[in-house]
Amino acid sequence: MLAADKLLLTSTIRKSATELKGKELELHKTNFDAVGTQAAVLAGFAITGLCEFHVPEEANVFLTTGFYVFVVITLVANLRCVSMTTCITVMGTGLALRGPDGSMVKAVEGMYNARYTVFLTFGVGITSSL
């Protein structure tokens, strides 16, 4: 009876820990989806700036060069952010749901570790679009 109670307690704790990690996984997925969507919109603005904006002929060369450099930085940073968030979301949730034992923890930790790079890239994209 004591061994059965111990086994029940162990499985209950494991189930609670997995549910908690599942909520954390959903939080990271939601955050990455939001950042990826915003980065896609900003990348669209950058494309519009490259294609639709016509620089006057008498404009200063340094200002024109600066404009194009910052638009390209915005575009590259935001496209990188979109691709990173897509890959992290797809691979992280796939690992968590279909991986071997312990893969939920591994997926959540991987998503947590990737946050800094994604948010830094997103910050570069926002800053260069100003």
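These are my notebook entries on one protein chain, taken from a predicted model.

**Overall layout**

I started with the secondary structure. I then looked up burial: of the 130 residues, 28% are buried. For the accessible surface I got about 8,900 Å², with 69% of that belonging to carbon and sulfur atoms. I also checked how far apart in sequence the contacting residues are. Among contacts with a separation of 6 or more, 82% link residues 24 or more positions apart.

**The core**

Next I went inside. Which residues touch the most other members of the largest nonpolar core? They are L25, C81, I88, V118 and F122, out of 16 residues in that core. The elements giving two or more residues to this core are α1 (2-51), α2 and α3. I noted that α3 supplies the largest share, seven residues.

I skipped its neighbours within four places in sequence and listed what is left: L25 is in contact with G92, T93, A96, M104, A107, V108 and M111.

**The nonpolar patch**

Then I turned to the outside. I found a nonpolar patch on the surface made of V69, F70, I73, Y116, L120 and V124, and together they have about 570 Å² of accessible area. Two elements give two or more residues to the patch, α2 (61-98) and α3 (103-129).

I took V69, which lies in helix α2, as my test case. Why does V69 count as partly exposed? Its relative accessibility is 41%, and partly exposed covers the range between the buried limit of 20% and the exposed limit of 50%.

**The salt bridge**

Last, I went looking for charge pairs. Side chains of opposite charge can pair when their charged atoms come close. How many salt bridges are there? The count comes to one. It joins D33 to K29, and the closest N and O atoms are 3.0 Å apart. The cut-off I used is 4 Å, so this pair qualifies. D33 and K29 are four residues apart in helix α1, which means about one helical turn separates them.

D33 has a relative accessible area of 33%, so I logged D33 as partly exposed. K29 comes out at 25%, so K29 is partly exposed too.

Note on methods: Residues are numbered from 1 along each chain as its sequence is written. This is a predicted model: local features need pLDDT of at least 70, side-chain atom pairs count only at pLDDT 80 or more; totals for chains, interfaces and linings use all residues. Side-chain values use heavy atoms; hydrogens and water are left out. Patches are made of residues with over 30% relative accessible area and no salt bridge: like charges are joined within 9 Å, nonpolar side chains (Val, Leu, Ile, Met, Phe, Trp, Tyr) within 5 Å. Accessible areas come from the Shrake-Rupley method with a 1.4 Å probe; for residues, only the protein chains shown count as cover. A salt bridge is a side-chain nitrogen of Lys or Arg within 4 Å of a carboxyl oxygen of Asp or Glu. Buried means under 20% relative accessible area, exposed over 50%, partly exposed in between (1.4 Å probe, protein chains only). Contact means heavy atoms within 4.5 Å. A nonpolar core is a set of buried Ala, Val, Leu, Ile, Met, Phe, Trp, Tyr and Cys residues joined through side-chain atoms within 4.5 Å.
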